[in-house]
Amino acid sequence: MILIFHILEKLTGRVKNDLPKYILSNTERDKIKADAVVTKDFEPQNEDYNFSEGLETLAEKVKTILEDTAPKSIPFPELDENPALFDWVQKGIKLHEGETECKFCTKTLPQNRIKDLNSYYSKKLTEIQDSIANTQEKIEAEKEKLKITFPDKKNLGGGFQPDYQKAIDNYSETAKKYKTQLSILEKDLKRKSSDYFNDIPVTEIEIISFKEDFKEIKKAVKAHNDWLAEFDDNKKKALDKILNHYVAEYLQAEDYNKKESDKDEAVTIISNINSKITTNKAEKLALEAQLKSSVKGQKELNDILEILLHRNDIKIEIKNDIFTLERSGHPASNLSEGEKSAIAFAYFLTELKALRNDAPPKLPNTIVFIDDPISSLDSNHIFQVRSLLQTFFKEENYAQLFISTHNFEFFSVMLDTNLFGSKNKDTNGNKRPLYFIKRNDNNSSEIKKLPLSFSSYKSEYVGLFHTIKEFNELADKEDFTNLLILPNAVRRFLELYIL
């Protein structure tokens, strides 16, 4: 079974890329199949069938005989008119040499009778008669030469039998024509036997040749012999060809190439999934390890969450090493955006604390970026967030700290802390810079230093008013430092004014 599977796999790999090339027509399939299953039950056959054709030579000989004549010194009309008598007398002369009586009727022979008959039956006549007899024998011999014993067609391979039989049939037809011409010659000789003393016209005959017939017979037999000589190789080739045909035909009927393509795609997907599973397992182990370490910070996380929400109904619980979020002892659902933000921010600060408490601490090499921590929180939470940040980052045990916000009030209260206030300076005594992000008209943005007016006032409204008033009082307005942000300042001032 394993061997058969291996052979099918090999054949499939050979034919699948060009199935129509290997699929045979019904006629060709049947022929190749016959060649593939045939057994070597045959023997080589004689290829040399030929003989020297004597028809033309015999025709020339007959023509000569018919044109030849025997002289008659003494006339015997009764012999001329009676062929049977002619032959009987000719044979009886030799019996009466030196006799005076007829051996048949016992009557006395006329004087000079034998002499006169010998003059009538001349030596030339005998030569003509001998030539006729000799030529007739040659004609019979020529007929016998036609009786050639050819191999039975069953002795040839099935694929060669039709051509061989056709060649034999053609030979038989040619032999009939050949014999017909020989019969014409025989009839001419018979006519001459009835008239030795006159020139007889020759009957025209057709010169028949067996050259093409023998050529076709030899060709068919030689094909059989060559096939036997190459039998093993040819059978192997036919077997390969018919197997290729059946496999290609099956693959085409089963739409194999599409199925194989689908299979390869599925294998790729499975491989990717397995790779993802392996990656996820590693990430899961890492997260589990991280989760176990985070259990230690569960209290800190819930404390921060209580500060942010002003209540303690929502808590983080850890059960079986898995975080669960509960509201009043039940799984929490339908959280508001503010609650979600508070939970995320509490977890973020707890993770930072874990980095600080690692051995060795990782926080000193960490860049911390906090993006608008009061997003989705109302104004009541501004001071809680400010207090948490100021308390957590009161010690400068971090690489860098960035805090971004859209809320001017939050920005203002953060300026009162020792993180970004006027007293906050770096180790070189330089005041830490403040920046804002300006959106350009070409769908791009750029970071610029924050104008002094924004960090000099506690109220956004007062700061905006200061910027607009400063611009209005300038004589040369093109040199205004905050010219680029003036449109946004006017828009925001108007929003706050009408609010």
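Mentor: Please keep in mind that this is a predicted model.

Trainee: In which strand is Glu326 found?

Mentor: Glu326 lies in strand β2, which covers residues 322–327.

Trainee: How do the strands of a sheet pair?

Mentor: Strands of a sheet pair through backbone hydrogen bonds, in either a parallel or an antiparallel manner. Here, an open sheet of 3 strands has the order β1-β2-β3, and the pairing is antiparallel. Its edge strands, β1 (314–319) and β3 (330–331), each pair on one side only. Between β2 and β3 there are 2 bridges, and Glu326 has Pro331 in β3 as its bridge partner.

Trainee: Is Glu326 buried or exposed?

Mentor: One compares the relative accessibility with a cut-off: buried means under 20%. Glu326 is buried because its relative accessibility is 12%. Leaving aside residues up to four places away in sequence, Glu326 touches several residues, including Asp313, Ile314, Lys315 and Ala332. Its bridge partner Pro331 is also among these contacts.

Trainee: Which residues make the nonpolar surface patch?

Mentor: Tyr461, Val462, Leu494, Tyr497 and Ile498 make this patch, with an area of about 520 Å². Helices α18 (460–472) and α19 (486–498) each supply at least two of its residues.

Trainee: Which helix gives the most to the nonpolar patch?

Mentor: Helix α19 does, with 3 residues. Ile498 is found in this helix, and Ile498 counts as exposed because its relative accessibility is 63%, where exposed means over 50%.

Definitions and conventions:
Residues are numbered from 1 along each chain as its sequence is written. This is a predicted model: local features need pLDDT of at least 70, side-chain atom pairs count only at pLDDT 80 or more; totals for chains, interfaces and linings use all residues. Side-chain values use heavy atoms; hydrogens and water are left out. Helices (H or I, at least four residues) and strands (E, at least two) are DSSP runs, numbered from the N terminus. Buried means under 20% relative accessible area, exposed over 50%, partly exposed in between (1.4 Å probe, protein chains only). Contact means heavy atoms within 4.5 Å. Two strands pair if DSSP finds at least two bridges between them. Patches are made of residues with over 30% relative accessible area and no salt bridge: like charges are joined within 9 Å, nonpolar side chains (Val, Leu, Ile, Met, Phe, Trp, Tyr) within 5 Å. Accessible areas come from the Shrake-Rupley method with a 1.4 Å probe; for residues, only the protein chains shown count as cover. A salt bridge is a side-chain nitrogen of Lys or Arg within 4 Å of a carboxyl oxygen of Asp or Glu.
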